Amino acid sequence: MEEAPWPSGHDGPAAGQRLAAELARTVVHAEKRLGRTLDRRELARRLNVSASSLYAYLNGTTLPGAQVLDALLAALGVDGPEAGRLATLRDEADAARRLRPGTVRGRPRHSSPTAAVPRQLPLTHPVFVGRDAELARLEEAAGRSEEPTAARAVVAVVEGTAGVGKTTLALHWAHRSQARFPDGQLYVNLRGFGDKTVMDPGEALHGFLQALGVTPAAIPADTIVASGLLRTLLAGRRVLLVLDNARSTEQVRPLLPTAPGSVAVVTSRNRLDGLVVREGARRIALDVLPRYAARTLLEQQMGAGRPALEPRETDELVDLCARLPLALSVAAARTAAGPEGSVGAMVRELRRARAPLDLFGVQDADVDLRTVFHGSYTLLPAPAARLFRLLGCHPGPEFDATACAGLIGAAEPPVTLLDTLTAAHLVRQHTPGRYALHDLLRLYCAELLDTGPPRERREGTERLLRHYLDTARLADRHLEPWRPPADGAPQATAAQPPIGDHAAASGWFEAELSSLQAVIAHAATTAGLEPYAWQLADACAVHLRRSGRRAQRAAVHALARDAAGRAGDRAAHATATRRHADALSRLHRAREALDLLSESLRTCRELGDEEGVREVRLSLVRVYDSGGDPRRALPHARLALAMAERTGDPLALADGLTAVAQQWERLGEHTVALGHARRALDLYTGLGHLDGQAGILIGMGRAEQGLGRPTAAIGHYEVSLGLDRALGDRFREAHALEHLGDAHAELGRGGDARALWEEALALFEELHHPDSAPVQAKLRAQRGAAYPPEPASSQHSP
């Protein structure tokens with residue numbers, strides 16, 4: 001005879017209830033007769049059924065089969081008329097069950113309309129934005145549970161950092177999907193994080209079983225048995241379970257349904273890998289809101305009027321809230337309650353606050369941002385907690401594992417610790433090997449450092465700066481291997497990324513540039529750490545120049561100059577001033593650059609720094625050259641060359657010859673220019689100085705063109721172009737392409753010239769460089785020549 005549970009919310013026919021009561025009384029009599037409590041597990045084993053099934057027989061939620069009942073009565077020592085009476089009760093209950101509406105083949109369909117079903121979903125926030133993709137994934141997962149071939153229940157895990165809106169997403173979807181689960185919706189807050197005691201799975205099971213009609217006295221005390229009873233009761237039903245705020249897989253697993261038709265949605269701040277691996281759960285990871293959705297959230301909570309009146313302040317508030325839904329909601333509520341009631345007032349308050357997280361604090365702990373973050377932090381193992389705190393020393397927007405090794409002073413990248421932090425959703429790995437945490441979590445890290453040992457922040461910051469300086473110098477060495485290092489050749493360490501060639505060095509600078517700018521700015525304004533600012537700026541100079549980042553280059557060297565001034569290091573200040581002037585000249589800010597170079601020249605003379613004076617002379621040449629004034633540039637070039645001739649340094653000689661050659665070429669003295677240029681090229685070639693070769697070859701090409709030899713010029717330009725591309729010097733690559741186009745145009749190759757100019761124009765425009773204007777003019781002129789206007793007379797011909 002088939003065993004089956006009664007329909008949800010139904011206590012069973014009278015015969016079934018009488019049978020359950022009689023069986024319970026029989027067990028009690030047997031225990032009295034034996035003088036001991038019967039072991040339910042052992043009894044179930046003897047009957048060859050599960051312990052949860054035995055509990056279901058005894059509380060009346062499941063009707064035992066005839067053979068099972070016979071075995072149970074035999075085990076309890078019941079025979080004769082008493083056994084016959086109980087068997088008759090079982091048969092009557094079975095007959096009533098089969099005749100009851102809502103059953104098919106002895107098994108219940110969905111609950112009857114009059115049956116009580118659990119409706120436990122709590123109220124959710126009425127404002128919901130920006131999660132369309134995540135809702136679609138939940139819909140897709142739930143749809144699998146409705147397929148005719150579905151073989152199991154569906155489990156979905158919504159994961160993400162504290163305050164990112166996991167519960168809101170789960171409940172929003174659950175409320176709009178209630179019709180799909182006619183047998184009820186169960187909800188429990190598992191209290192996985194926070195000051196309250198974490199809920200034991202047994203406590204959650206007790207609540208679920210009661211909601212499904214099991215009397216408290218009949219609920220098994222054993223968690224495993226209670227879990228089995230829950231699965232039994234859910235079999236054949238369509239029930240939604242929302243398991244909110246789970247800490248671990250072990251906490252969730254006993255609460256999961258197994259039979260098809262039901263769906264469990266779990267939310268957690270932790271990455272519940274076990275549910276994905278063993279239960280095949282669908283993982284749905286939440287990040288902070290997109291910018292448009294964050295603004296919409298503010299508008300809907302404040303009313304569209306305020307943000308519309310203060311659009312810039314609203315955008316800034318979105319940034320200050322790190323696009324975190326909880327922070328945005330708290331800010332919106334605080335703005336509405338404030339006396340001024342304006343977004344700008346909230347923004348100003350956040351800017352001025354020494355502890356901005358105070359402004360996201362409220363009386364209710366579950367929405368107090370600091371308390372919410374603390375709930376995740378306190379669960380970290382000590383080594384991971386230390387790394388998380390020290391991330392408050394990192395001012396950049398992102399970092400890699402080697403930076404973390406430098407931060408904590410480890411010999412190897414702390415991949416395991418980072419995995420712990422990503423599993424807790426305190427750190428996000430946005431691309432392979434690259435990590436980030438949003439600004440509010442960074443503020444929380446900084447607060448943790450402030451409340452810890454005073455030296456922890458200082459030592460962590462110095463280790464981080466040392467890591468970046470060592471690695472930047474190593475990378476810079478691969479960009480210019482021909483230049484002798486000032487402090488000896490940098491050596492790679494185990495905690496540094498593998499940088500073994502030019503491509504790897506350029507790739508590292510590209511990946512870390514935003515972090516390098518941030519750490520330079522931090523060092524420049526921190527007493528005692530200023531030398532790191534100008535040393536890092538020097539190490540970044542070549543990459544910034546070649547990659548055409550003119551504004552960033554100027555900003556970095558301005559920070560270095562300020563840092564050297566605050567530290568009182570006159571030599572460093574003179575060098576940083578000269579580098580800043582070079583950067584400004586690329587921005588066509590010649591007047592400012594000349595003022596800075598005058599200052600740097602004066603300081604170098606006062607310090608007796610002859611090499612510094614020579615470098616300033618070359619910088620003056622570049623400024624006057626960029627301003628189209630070769631007559632003022634040439635004297636400085638000659639002085640720089642004369643100083644190099646006195647020292648005999650081959651690199652200084654090559655640079656001096658290049659400066660003189662360029663200015664003679666500008667003045668139309670092409671033969672003189674070529675003589676100096678050939679000597680410079682020989683020196684650069686002997687030194688293996690690719691950068692110098694590429695630069696002087698462009699000058700030689702211009703001189704050849706000036707002498708009416710465009711074919712020879714093309715040869716020089718093409719070699720320079722190849723070197724520029726190998727070096728990644730996009731600015732000079734654009735100029736080489738432009739000059740190549742000029743030479744081809746001179747030979748009457750209009751199509752080749754146009755293609756080269758268009759390529760050059762694309763590079764200049766990508767660099768946002770004003771040198772794009774002359775190239776545009778050449779292209780316009782060529783198009784105009786190809787399609788000349790018709791003669792005026794033709795317009796009036798008959």
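The model is predicted.

Buried here means under 20% relative accessible area. The cover extends to both faces of β8. On one side sit V263, V265 and T267, all buried.

β8 pairs with β5, residues 154-159, in the parallel sense. It also pairs in parallel with β7, residues 240-246. V263 of β8 takes part in both pairings: V154 is bridged to V263, and L240 has V263 as its bridge partner too.

**The open sheet of β10, β12 and β11**

A second topic is a sheet of 3 strands. This sheet is open, with antiparallel pairing and the order β10-β12-β11. β10 (399-400) and β11 (428-431) stand at the edges with a single partner strand each, so one side of each has no neighbour in the sheet. β12 covers residues 434-436 and runs antiparallel to β11. Across that pairing, T431 stands opposite R434 of β12.

**Bridge counts**

| Strand pair | Sense | Bridges |
|---|---|---|
| β5 and β8 | parallel | 6 bridges |
| β7 and β8 | parallel | 5 bridges |
| β11 and β12 | antiparallel | 3 bridges |

Strands of a sheet pair through backbone hydrogen bonds, in either sense.

How values were computed: Residues are numbered from 1 along each chain as its sequence is written. This is a predicted model: local features need pLDDT of at least 70, side-chain atom pairs count only at pLDDT 80 or more; totals for chains, interfaces and linings use all residues. Side-chain values use heavy atoms; hydrogens and water are left out. Two strands pair if DSSP finds at least two bridges between them. Helices (H or I, at least four residues) and strands (E, at least two) are DSSP runs, numbered from the N terminus. Buried means under 20% relative accessible area, exposed over 50%, partly exposed in between (1.4 Å probe, protein chains only).
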